[in-house]
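Please examine the sequence and the structure shown below.

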Amino acid sequence: MPLILAFLLFITSCGYKRVNFDDKNLKVCVDDIVINSPQPTLLDTLNRYILDSIIASKNKLDCSYKKNLDIKITVLSFSFYPIGYSQAQRANVYKVSIKIKLEIFDKEGKLLKRQKITETTQYFGAGLRADIEKRYAVEELAKLLQIRIFDILMRL
């Protein structure tokens with residue numbers, strides 16, 4: 001009897017969940033990220049966080065002929081400089097600033113949205129290694145851009 005009851009409970013708990021494939025989900029392609037200065041750390045970090053913002057907005061990454069939107073990002077200015085120093089005279093507070101131009105095109109190439117985004121943040125490190133702390137500071141900046149781009153994509 002307990003075996004039959006356990007079997008019935010197992011069968012009734014099994015089921016399927018309907019998956020809703022809305023047509024509202026867009027297929028988005030990040031066409032290009034243009035940076036005029038050689039900043040590989042910035043390019044990698046921007047790529048990662050921008051692609052994450054597209055996925056978080058429930059859109060799909062697709063650069064095939066089925067795409068709905070093209071996104072082009074141009075970095076107009078990027079600055080990174082120390083503003084504070086530790087007792088050992090090593091930089092431990094950094095100010096990072098970026099200004100980008102975001103352009104969104106439809107599949108025919110018609111401009112849907114053009115917006116300039118400026119973000120500035122500070123990063124407080126330990127003053128140990130500048131290259132590692134520079135990467136963390138750029139990631140903090142990219143997280144702010146991710147939120148802005150997510151908001152823009154949700155309003156389309």
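Q: Where in the chain is the place of Ser 57?
A: This is a predicted model, in which local features need pLDDT of at least 70 and side-chain atom pairs count only at pLDDT 80 or more, while totals for chains, interfaces and linings use all residues. Residues are numbered from 1 along each chain as its sequence is written, and side-chain values use heavy atoms, with hydrogens and water left out. Helices (H or I, at least four residues) and strands (E, at least two) are DSSP runs, numbered from the N terminus. Ser 57 is placed in the loop between helix H2 (40–56) and strand E2 (60–61).

Q: Is Ser 57 buried or exposed?
A: Buried means under 20% relative accessible area, exposed over 50%, and partly exposed in between (1.4 Å probe, protein chains only). The relative accessible area of Ser 57 is 6%, and therefore Ser 57 is buried.

Q: Which residues does Ser 57 touch, not counting residues up to four places away in sequence?
A: A contact means heavy atoms within 4.5 Å. Ser 57 and Asp 151 are 94 residues apart in sequence, but 8.2 Å apart in space, C-alpha to C-alpha. With residues up to four places away in sequence not counted, Ser 57 touches Phe 150, Leu 153 and Met 154.

Q: In what order do the five strands form the open sheet?
A: Two strands pair if DSSP finds at least two bridges between them. The pairing in this open sheet is mixed, and the order is E2-E1-E3-E4-E5.

Q: Why is one side of E2 and of E5 left without a neighbour in the sheet?
A: E2 and E5 stand at the edges of the sheet. One side of each lacks a neighbour because each has a single partner strand.

Q: How many bridges join E4 to strand E5?
A: Strand E4 (residues 91–106) also pairs with strand E3 (residues 69–85), in the antiparallel sense over 15 bridges. In E5, Thr 118 is the bridge partner of Lys 99, and Lys 116 is that of Lys 101. E4 and E5 (residues 111–124) run antiparallel, and the number of bridges joining them is 13.

Q: Which residue in the turn of the E4 and E5 hairpin has a positive phi?
A: In the hairpin of E3 and E4, with five residues between the strands, Gln 89 takes a positive phi near 60°. The hairpin of E4 and E5 has four residues between its strands, and a positive phi of about 95° belongs to Gly 109.

Q: What is the handedness of the disulfide of Cys 29 and Cys 63?
A: A disulfide is a pair of cysteine sulfur atoms within 2.5 Å, and Cys 29 and Cys 63 are joined at an S to S distance of 2.0 Å. The pair links distant parts of the chain, 34 residues apart: Cys 29 in strand E1 (residues 27–35) and Cys 63 in the loop between E2 and E3. The torsion about the S-S bond is about 95°, so the disulfide is right-handed.
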